[in-house]
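Student: I am new to this one. Please show it to me, then take me through a single part closely.

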Amino acid sequence: MAELSFFVGVIGNIISVLMFLSPAGTFRRIIRNKSTEEFESFPYVCTWLNSSLWTYYGIIKPGAYLVATINSFGVVVQSFFLGVFLIYAPSLMKAKTGIMVGILDIGMLTAAIVVSELVLEGEKRIEALGFVCAGLNIMMYASPLSVMKTVIKSRSVEYMPFMLSLFFSLNGGIWTFYAFLVHDWFLAVPNGMGLGLGLIQLLLYAIYRNARKPLLPLNTSIITSQQQLDSQTQPLISSPHPQP
């Protein structure tokens with residue numbers, strides 16, 4: 001059983017690497033166009049915080065080094081993505097993202113580590129942090145929900161990349177299986193929910209992937225003046241973004 005759990009954990013690490021890297025195409029587009037367009041930063045903010053706390057959880061829990069290694073990689077990747085997003089986002093979205101990073105990624109992470117180190121110890125520390133990590137994992141998997149709503153309204157999946165949805169599903173599935181093997185319910189519950197949410201995203205992608213024009217206009221308040229100028233000569237097809 002130990003050998004099987006290790007093997008599954010290694011596969012989980014590989015899939016997690018692919019999940020963390022899956023938005024690379026999105027960020028190539030952002031860099032190429034020098035604009036974040038209608039993409040949202042919330043999934044990346046959540047994934048950064050989620051990866052950071054799971055790294056800490058993997059460090060303090062005996063035998064959880066596979067959890068620590070993959071999530072430390074996730075922290076590095078999400079840091080790069082957030083940096084790119086902040087560079088190319090319009091002022092309003094940049095301010096919004098900066099506030100979320102300050103409150104969630106810096107404030108909440110610092111508070112969780114300080115409280116767990118000063119107030120808790122041993123198994124209580126691991127259990128408390130496990131609850132926090134499980135909640136954040138659910139938040140990470142649920143972060144594309146607002147985008148899924150826009151997919152239905154606009155009937156377009158342009159801003160919900162297929163690869164991210166696919167690897168959300170695969171990641172949730174493999175880590176749920178791993179969690180059952182090692183009897184870690186803090187991993188099982190959120191990743192099981194992640195599997196379900198990922199499958200819903202794939203279903204929406206299958207339904208709306210051939211749609212070409214949105215039925216309802218999206219909020220374009222964050223589009224820069226240059227984009228507005230470009231739209232006079234080239235139609236802008238708007239739809240939602242996807243998501244450590």
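What percentage of the 244 residues of the protein chain count as buried? Then please look closely at helix H3.

Tutor: Of the 244 residues, 49% count as buried; that means under 20% relative accessible area, with exposed over 50% and partly exposed in between, using a 1.4 Å probe and protein chains only. This is a predicted model, where local features need pLDDT of at least 70, side-chain atom pairs count only at pLDDT 80 or more, and totals for chains, interfaces and linings use all residues. Residues are numbered from 1 along each chain as its sequence is written, and side-chain values use heavy atoms, leaving out hydrogens and water.

The chain has 10 helices and zero strands. These are DSSP runs numbered from the N terminus: helices are H or I with at least four residues, strands E with at least two.

Now H3. It covers residues 42-60. Its 19 residues should span 27 Å, taking 1.5 Å times one less than the number of residues. The end C-alpha atoms are 27 Å apart, which agrees. H3 is mostly covered, with 16 of its 19 residues buried.

Next, the rings. The structure holds eight aromatic pairs: Phe, Tyr or Trp (six-membered) rings with centres within 6.5 Å, stacked if the planes are under 30 degrees apart, edge-to-face if over 60, otherwise tilted. One of the pairs joins Tyr-44 and Phe-81, edge-to-face, at 6.1 Å centre to centre and 70° between the planes. Tyr-44 lies in H3, Phe-81 in helix H4 (residues 65-88), 37 residues apart, so the pair links distant parts of the chain. Both residues are buried. They also belong to one aromatic cluster with Phe-27 and Phe-80.
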